[in-house]
Structures are given as structure tokens and as C-alpha cells.
2 protein chains.
Amino acid sequence: MSRIASPAELSPERETVDTIIRGDCVAALEALPDRSVDVVFADPPYNLQLSGGLQRPDQSHVDAVDDEWDRFASFEAYDAFTRAWLLACRRVLKPTGTIWVIGSYHNIFRVGATLQDLGFWILNDVVWRKTNPMPNFRGRRFQNAHETMIWATRDRDARGYTFNYEALKAGNDDVQMRSDWLFPICTGGERLKDENGRKVHSTQKPEALLARVLMASSKPGDLVLDPFFGSGTTGAVAKRLGRHYVGIEREQAYVDAAAARIAAVEPLGKAELQVMPGKRSAPRVAFTVLLESGLVAPGTVLHDARERYAAVVRADGTLVANGEAGSIHKTGARVQGLDACNGWTFWHFRTPEGRLAPIDELREVVRREMAKAG
Amino acid sequence: MSRIASPAELSPERETVDTIIRGDCVAALEALPDRSVDVVFADPPYNLQLSGGLQRPDQSHVDAVDDEWDRFASFEAYDAFTRAWLLACRRVLKPTGTIWVIGSYHNIFRVGATLQDLGFWILNDVVWRKTNPMPNFRGRRFQNAHETMIWATRDRDARGYTFNYEALKAGNDDVQMRSDWLFPICTGGERLKDENGRKVHSTQKPEALLARVLMASSKPGDLVLDPFFGSGTTGAVAKRLGRHYVGIEREQAYVDAAAARIAAVEPLGKAELQVMPGKRSAPRVAFTVLLESGLVAPGTVLHDARERYAAVVRADGTLVANGEAGSIHKTGARVQGLDACNGWTFWHFRTPEGRLAPIDELREVVRREMAKAG
DNA sequence: ACCCTAATTGAATCATCAT
DNA sequence: TATGATGATTCAATTAGGG
């Protein structure tokens, strides 16, 4: 199922979808065409000031020294590395695409500032609260019980990015999804182990986290890029949710583990993957269509829900209230003394049973008719 | 009780304790001696970049932060401002002192990176989760339900900073305090209002938040500095908790309001200066969590208790019945022809033993898991 | 005094399409 | 690219007011 490739085999002209590219992230990204990716999910290394030392953008090793100048130099090197991979991701991101980056306080502030400097526009920071974080053993700090994700568009004025607001709300007891998410860390059967029972990757992310990220910000069939693929959680969840993926990973051991893992994933069926659409994506229906189809007769009197206002429907699809005519929206706004109004939900008609119902219900009737007719 | 001073009256030699200094933060800090402050709590301007107005769905106007003090020409200008006040704070901070800075995604990444650049050493980032955040009115993003605080020492190898680990743990059901805190925003009687009933300051912080900050990272008698004093929450809480304070504030109106507020504060007796337990989080479980955690698989068919109705679970956390999708509650209501329905108790799944059980049982499983995180 | 409903409000980077 | 029309969109808490 998932192909493994080295950068040399790939070019923007060749198919890279559902592939793990082995190699350095910036170099490997050259194999991807401009503006081809819908969502980037990145879990970059933050081996900052730690025993492992720091890598330059060219992956050469920086000697860890505790001098003042070196500390500065180290942050600079990390920033340069961050700039390089973020710029490469930005090139391959569609104008309507979004990027997620996850990190901890060691690196997330530098990543966030760099994102802003490069022109990305932050939509949210989202906190992953861990149900079962590692305790603080020394008792010298608060238990580090969360990580931070930044969600951003490519550009400040980006329009048309995917956010499945309605579906998230419907799955969240009908209240909108907040910026703090609670999930367990990755343990148990989900955690990849090698033949000696040791964990394959030190920071394997839980699939539940990626599932919410991808359900929120992508559509079935979208292309998801993970430039630090690691154990392949992004690929596994993308495949299960009917999204395409490209993963980039330097270490052969991770590549192999991820490929095997993804191969075992069974994608969900089309029906289960349908995302609940919001009204925004529904076809537009003009008020005149209700008249033309006989659902509303000229001369009908419409009211607001509490019958404080009234208006009469004219044959041309306008409403008249207090002697002035206008669209359902304009008239609704005018009678209330407001700037704007959604006439579809404001104006009500009386049903045969005597109930007062919004004309939006009639629009729904029309939409169902339209759907049947194709 | 609290003295108000202009910088000209002050010098490092004169006593500045329990004083509000009116003036620019960097200039006013020159009045303070080197290494004299135990804790800095800073709530700098967030550099919100609001383009236009915002209306609620009912067309009422959202009173946004449009204060002059929050306007910066560019990220560069904001960074220069941040460097300047952080450097000034660093000079007056004791080698054993710590600094807190609060912000949102608009500014906190730049603040955090600057802290690191200047040599501060981050101990934790702490998330303030709001019980009652403002909604996202247009449904284009996640509800912005938290702010971030960074807690840092003056230097990388700082020793001897105050962290009342045992006291915090004792007040937290004997488990160590996590990095995610839950508090309501500042409203009601605590919120300072002017004679017209309008809020005095657009971003007044809750006293509970400051109380936990100061109880965690300071001792009675310590000196707490707030370089952006605003309505004086830091001073009020410091006085109540038996800490000394210095506040710096540019605007006379804020200075006056803060002075009056602090004057009315009654300090607690020594015996009462114990940690207050945090409010436990309200256990809300989204249906999507059952999917994300694998307790329910997409495609599962749910029934009511008597199997008169059926619905299919989709990956986005919605149910489909008779071709229409919606939340567990909405769908349960629709199939019964009712206005409302508790989907958790209405919809049932078949257990491995063949028993029909409400999905509420699965929610209980998740709740037990989540309870660990508060 | 009490209950129920309505109104108000909070650090917010909050639309899209046709012309 | 700018303008105007259409029409999509809110949660928790407190406070005020009516009965």
C-alpha cells in the first residue's frame, strides 16, 4: 500500500501520494509540486539544549557548549532549521491549505514566532491536555501536562480553508469545539514496540489526536503532508480516514516501522467518512423560488417568531413592511432597526397546523427537491 | 496603604515597596534597584490585530480591545518593545527570582522566544483554561478557550527559586499541580466598573489566577513587580496574601482605580495563608471522543432500547438515520419526532455479550479515564 | 422572598459571492 | 480590486425584570 522512495527517485512530475520519502525534510520536499498539499502536520524535533545536541539545517552536528555565545548560536541554529522546513512546507501548501505544528515550551515559541515572521497566519493555538502525563520527579516545577499545537493558514487573508465546524460541533454535544483537547498519551497496544519490546519512537503521538486534527481541517481525498513522519501516526490516521498522505523521514528504522504499520490499516468506508455539511456548503436558493414553486403565495403575511413584526410577500419576491419594500434580509433588518438580518431564519409563516415556522423550513423543502433531481 | 508616585520622585535609594509608579514601564523600572524583586508578573499588551468590527449572531456589537496601548506598527516593533521591558525586568529581578508572562497566540510566541533569547530559562508554560470563554461567533475557528503563561527563571542555572510544591500538592487532592489550570474569566462583582457601569479595564485578570501564581512561586513578605499594572489585580492579590508589590502603569485612570481597589483589600492572617484548592473541571465528554478512543467504530449501528429506530455512526461523530445526519441528540429527537432528546441515554450499542447498552456506559469509561486530568 | 425569562457580556487576529 | 448583496453565526454566567 504505502510506497517508500528516496528523493532521487522522485520529482514533482512523479506521483508522490501515499508515499514515505526517506531523507532530509527540506531536500525531500523538493520532490513535491508547488501548492499541492491540503494540510501539513509537523512534529519537529526539539532537541534543544538537551544531551542529544543540535543539528544544523544541513544536519551536521553542533557541539554543545555552555558558553553564553553558544547558547545564542544554538537558538539561531534552531531558528534557521525551523525557517528552512517551514519555508519548504509553505511552497507546497495550497493557498487554501493549513498547517499544524506541535511542540512543547522548549521549541513552540520559536516555531510560532517563525511562523508569523514567514507570513503564516495563526488561526488557533490548541492545547493537548494529557490525561496521563509523566510526573515531575524532582518536584521543582508544575507537572508538564500538555503540549501546544499551532494551526495556521499560509497567508493572512487566506480564504476557503477547511474547517468542519458543523461536524465538530455535532460530535461535541452540540457546542462548538474549544481550543483545549483532552487525550491520553500513546500507550498500550497502539504504541509501536520493536522485537525487544522497546518503544520504536520516543514521541509517538496518539492516533486520537491526529484523528481530531484531520477530521477538523481536512476532507476525504485531501493530501496530508508530515515532514517529520517518525512512526507514521499521521499516515496511519490519514489512510484510515480516507485522506492521502506523504511522509518524510530520515531514519530507515522509522520508515520501515511506519510502512508496516500503515499497511495494516483498514480504511473506513465512504459512507462512514461523510462529513456533516454546514449551511454554507448548501446550494443557494432564492426566495423567489419559493413563490415560483407555490410554497409561498403572494400576499402571504410573514411574522417574526414572537409576532412583533409583520410583512407581506409580493409576487416579485420582495417583502413589504410599513410601506417599504426590500429583500427578506433587508426588510428583517429594517423592521428591527439593525444593520443586518438573516431573513430565512427571522421570518416565519403559519403552518396548516397553526404553528409558526421559519421560512428556512420551506427552503429545506426546495433543497431536498433539488437534491432528488440531481 | 498604597502610594502613588511618579518616576521623578523615586530613585533606587528610596523605598518603592507597595507603590504604584505612574509612567512608562521601562523608564519607571530605573527607579528600582538591581536584584530586588522576587517575582515579576507581566500582562503585556497582546498586539491583537483586529481588522474590523464583530457582531454576535443577534447583531449586537462585541466590545473588542481597541485600546491605544495595544497598537503596534509591526512584529518588529512589538519585539523591540518586548525586549526592552524584559531586559529592564531582568535587571531588577533577584538571581533567585522568577518571571511570569501571560499572553495569547497573538503575542506569546514572540514573548517566549524573546525570553529565551535574553537568557531567561523557562520552567513551565501554564495554560489558563477558561470555564466561560467568549464563543467563536462566525464558526470559522475553534473557540479560543485559553491563554498561556510562561514561568521562567532569570538564568539557565538559577538555583533557589521559590516553588511551593508540597503546599500546592496538598491543596490539589494530594496530586502534583499540573500545567493546565481552570478558572472563570473575571466578571460579576470582581470586575471593576466605572460610574457608568462600564468596565474600567478591558482585560482585567481574575484574582484566583494571580492567587495561584503567587501562592506557587512566592513567599509571604516577597516583593512582586507588575510592570503592566492595569486595574491592579496583582497588587490586590499580593496585599491579600501578605506579599509586597510594585506596580507600574501609564494611564492615570487605571492607577486611580487600582489604588482604590487595593486600599479596600484586607490582608489575610498568617494562618489563612494556605493554598486554595483549584476548581475541578466540569466533566464534559464529546461523542467524538468515543470514536477517537476506539470505543465506538465508525459504521456501528446504534438502536434505541426497544430497537424501533436505528442510526449509523460516522467518523465525524454524527449519526445518520433515514439519510439525515446530526448529533446524537438531534438525531434521537428527529427519529422520534420530538424537539429534544438525550442521545447518551437514548442510543444503545450491542455489547460483546449481546446485551443492548446505552452509549452513556461508554461515556462513563471515558470519564473515569479523564478524571485523572481533573 | 422566590421563580422564571430575558438581556447582557467577555483579550477575537471571526464570510463569501456576484458584479 | 472595490463594492454591495446575501445570509451564516454563540457559551457560560451574571444581572435585571416581570409575575
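Visitor: How far apart do the C-alpha centres of domain 1 of chain A and domain 2 of chain A lie?

Guide: The C-alpha centres of these two domains of chain A are 48 Å apart. This is a predicted model, where local features need pLDDT of at least 70, side-chain atom pairs count only at pLDDT 80 or more, and totals for chains, interfaces and linings use all residues. Residues are numbered from 1 along each chain as its sequence is written, chains are lettered from A and ligands numbered from 1 in the order in which they are written, and side-chain values use heavy atoms, with hydrogens and water left out.

Domain 1 of chain A runs over 3-273, and domain 2 over 287-373. These bounds come from an automatic or database domain assignment. An unreviewed UniProt entry annotates residues 271-371 of chain A as "domain: RAMA". Such annotations may be inferred rather than shown by experiment. Over residues 271-371, chain A is 34% helix and 19% strand. Helices (H or I, at least four residues) and strands (E, at least two) are DSSP runs. The end C-alpha atoms of this stretch are 17 Å apart.

Now go back along chain A. Asp43(A) forms a salt bridge with Lys205(A), with the closest N and O atoms 3.0 Å apart. The two residues are 162 residues apart, Asp43(A) in the loop between strand 3 (37-42) and strand 4 (54-55), Lys205(A) in the loop between strand 9 (180-183) and helix 5 (207-217). A salt bridge puts a side-chain nitrogen of Lys or Arg within 4 Å of a carboxyl oxygen of Asp or Glu. Asp43(A) is buried, at 15% relative accessible area. Lys205(A) is buried too, at 7%. Buried means under 20%, exposed over 50%, partly exposed in between (1.4 Å probe, protein chains only). Over all chains, the count comes to 45 salt bridges.

Next comes DNA strand C. It is surrounded by 41 residues, and Arg159(A) is one of the closest. A residue is near the strand if one of its heavy atoms lies within 4 Å of it.

A backbone N or O atom of Gly52(B) lies 3.4 Å from a base nitrogen of DNA strand C. A polar backbone atom of Pro133(B) is 3.3 Å from a base nitrogen. Arg140(B) has a polar side-chain atom 3.2 Å from a phosphate oxygen.

Note on methods: A polar contact is a pair of N or O atoms within 3.5 Å; within protein, one must be able to donate a hydrogen and the other to accept it, and residues adjacent in sequence count only if both atoms are side-chain atoms.
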